[in-house]
Amino acid sequence: MGCVRDVPDGLARGCGVPQDGKPGRRWKDLSPATSAEAVRLATFLRARVDESGLSLEAVGKRIQYSKSTVSENLGGRIPPQKFITSLVEATVRADLRERRQAEAEQLRRAALNPPRGDAGSGRRGHGERPGMGHTASAGLLDIAALQAKHIETYESLTKALSQRDELRETAAKSQQLAMILYGMIGTLQDRVTQLTEDRDRLAQSAGEQLAAGARAEETERKLARALEQKTRANGELDRAKQKQREAESLSARLQEKIDRLTGELKDLRAQGASADDPLPDVVSTPAAASADPEDPEGDDIEAALVRAEVVNDTDASVVDRIATELTREQEPDPPSVIVPDNASTSPNVANTLWEVFHTAAQRCGKAGMTHEAVSLANLAVRRAGRELGPDHVEALTTRDTQAWWIARDGDPAAARDLYATLVQDRTRVLGPDHPETLDDHDDHAWCTGQAGDPATACQLYVPVLNSLTRVLGAEHKNTLNARGWCAEYTGQAGDPGRARDLYAQLAKDRARVQGPGHPDTLISRHHHAQWTGKAGSEADARDLYASLVEDHTRILGPDHRDTLASRASHAHRTGQANGPVAARDLYAQLIGDFSRILGPVHAATLTARHHHAQWVSLAGNPATARDLYAQIIEDRTSVLGPEHPDTLTTRHNHAHCVGKAGDPAGARDLYVPISHARARVLGPNHASTLATRHNHAHCAGQAGDPAAAWASYALITDTRAATLGPDAPLTLLTQSLTANWMREAGDPATARALTAQLIEDRTCVLGPDHPDTLNTRDHHARCTDEAGDPAKARDLYAQLIEDRTRILGKDHPRTLITRHHHAQSTGNADDPTTACSLCSQLIEDRTRILGPDHPETLATRHNHAQWTGKTGYPVTARNLSAEVAADRARILGSEHSSTLRSRKAQLHWSRQAGD
């Protein structure tokens, strides 16, 4: 094995067996060229790992190194100090940590500075191969030391570069913040002056007019607030300037350190330390860009001040942290570098403060800070109005920016109103055909649609498109973009067919003008396919998406996100056109590609997995879908959080599949926390919240508690009537289910009255031939039968059979169900002979259409046997019941409730027959 005998701590080189004989980890043999000091260090560190009981992979995760790096550092290489410190902290218990750290540091120093023998002495050091001279051994030791030094220098340089870039970004942000604060202080000074004059004027007339006295008090309060804000702004300005100076000073110190470390690293490489790792990029990294209803201007200033305080606090923490790190490294402190204030931040910028606020608003908005952008844009609008006048071109530009960011901050209705006024002013100042006026017309229509009024947006786009076509031309990109939004809002306003046709023409024009492979052309084709499906042509939508997938794959590549999105849409439309099995299989393929390209827990991958589970359920396998949803819940909870809307949707679908898989009680219990979470996140009257409550009520009934289902549906009906209206389809559906569970709970008479009124409502809203109207008539007839009037129910069913045969056809499943209920009511009305005849005819038709083993065919055979017995033929009824019981046991199972019912009937007629 080549073990060295004098290795401390009882471990031979690579043997992996302690001297006490207990089995340990099987470590790889150390190289014979490794110095004795490096062997002692490696053995010491290996012993710590063995004592911890952790695998190398587990150790790597704890100290944030890869498994291969851990293995290399424990294989005779002299590791950096950071690695050793982290390893000891991860593997040694707290009471021994300080001692082990000291031992490790001592061993590392010895390894870096090994003892040298006298020249020509002929002695071998530990680990030296026979025949190896002193010169070769010393050379190997030098290389090991150089390698260790190289690693340490490289890590120090990388850290210094990161710190320097952080400081430069902080300095740039502080400089930008100082500009904003200079502008804010100027605005506050003007505000203080104006409020002081107003206060003094109102104070003089306060004795004469009571209202003037009240206004004086209000002005005094605003003045006090403005003075307090000015003081805070000055304080934040001082902080920002100080942090800028500190960041630039520390950055200069770090640059000196970077230059020194870069030189050291080059020297080490010249000595042959390592050529594996490239030098870090030492090029400068550019810095990233960064309520009182009576006092709105003060509120905007307050919002901007709060943002300034947050930025200053963040910058201070960065500067303090890096300053502390540099101090800990005991770097020599060079003289402080005081950087003079940049001239651009000088307060002597009269008549340009609106530009400061306007530029800051644009930068904040583009950085995703839309709320801050709105506050700064509000200040820019007010300042530009004062400095330039309300009709100045730049003042109008600030108003455009204000409306733009208000819309993107989530208030398109407010932006719509601002654009409506801006359109009038720009038309008056610039003219109706000026490009900026046309842009405002376009933005006004867009915000109207985004605010939830697509019909009005469509009307607004008509003159917009006429003007754009006349002024810019039909092929201008702005004209084409406006046509796209007009088509979108046309569909949202309830005319998917028209939206389909508008997108079809737009896609052709864009292909001609911009080219068939242009991204805008492909987007228009996507929307054309989308609205084709929504217009009811699922097969055509499927084919359009199939063609789009081919072109996306050819133009963008198979792994592009737009290609994946088109494939997902194609899978969905394929399911709508060809059935759930086809969609299930397409989504199964998609999941693999999404996972490979974006990762298994990427939002788009999770969405694809969600839809796959949905189609698995629709394909008739709710149990598998249930298990798929359970895994998606874990991943979405980990990535998005337990109450993210997408997580709640998956939890809702999971509960649905639990119920469909045969566990309605379990589904009922799952729906309760989902309902509470959706009410908390989305609101108690949100459509998704009500959908969860709806399903909870259904599962409560399926679990054997019809009274609870009835009560729940009654509450949901009231909520939907209040939010959607009493005649909304969902309201009427909930009313129907309320009546259904009321009947199941033992009150068919009241349910009959409710369904009678519901027939009138659905006939008025949906029409007499609508499927929901026909279903309500079926339910009403059933309630009538159970309420004690089977003859009336018989007549109601007879009329319904005629209408369903006319509308759906004589072989439609719903028609067959109505015939089944009609035969049952006929028998209940004391006419078993006619009921027996009706059942006999229905058995033939159901066997032909559904098959002999279908549960509904067996149900009709069961009823036929009962009515046969009641006509006076108990022996025949016994034999028929025995046949049905045998078939039900074979098909449904011997313990199924329908099987038990047929066996009970068989026993009854056997007794009647005298058996």
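My notes follow, from the whole chain down to single residues.

**Ground rules.** I'm working from a predicted model, where local features need pLDDT of at least 70, side-chain atom pairs count only at pLDDT 80 or more, and totals for chains, interfaces and linings use all residues. Residues are numbered from 1 along each chain as its sequence is written, and side-chain values use heavy atoms, with hydrogens and water left out.

**Whole chain.** I looked up the secondary structure and got 35 helices and zero strands; helices (H or I, at least four residues) and strands (E, at least two) are DSSP runs, numbered from the N terminus. Of the 915 residues, 44% are buried, with buried meaning under 20% relative accessible area, exposed over 50%, and partly exposed in between (1.4 Å probe, protein chains only).

**Asp509.** I found Asp509 in helix H16 (residues 496–513). Is Asp509 buried or exposed? Asp509 is buried, because its relative accessible area is 13%. Its side chain makes a polar contact with the side chain of Arg483 at 2.9 Å. For that term I use a pair of N or O atoms within 3.5 Å; within protein, one must be able to donate a hydrogen and the other to accept it, and residues adjacent in sequence count only if both atoms are side-chain atoms.

**Helix H26.** I checked which residues of H26 (residues 706–724) are buried: Ala709, Tyr713, Ile716, Thr717, Thr719 and Arg720. They pack against helix H25 (687–702) and helix H27 (729–744), going by contact as heavy atoms within 4.5 Å. After H26 comes Gly725, with a positive phi near 110°.

Notes:
The expected span of a helix is 1.5 Å times one less than its number of residues.
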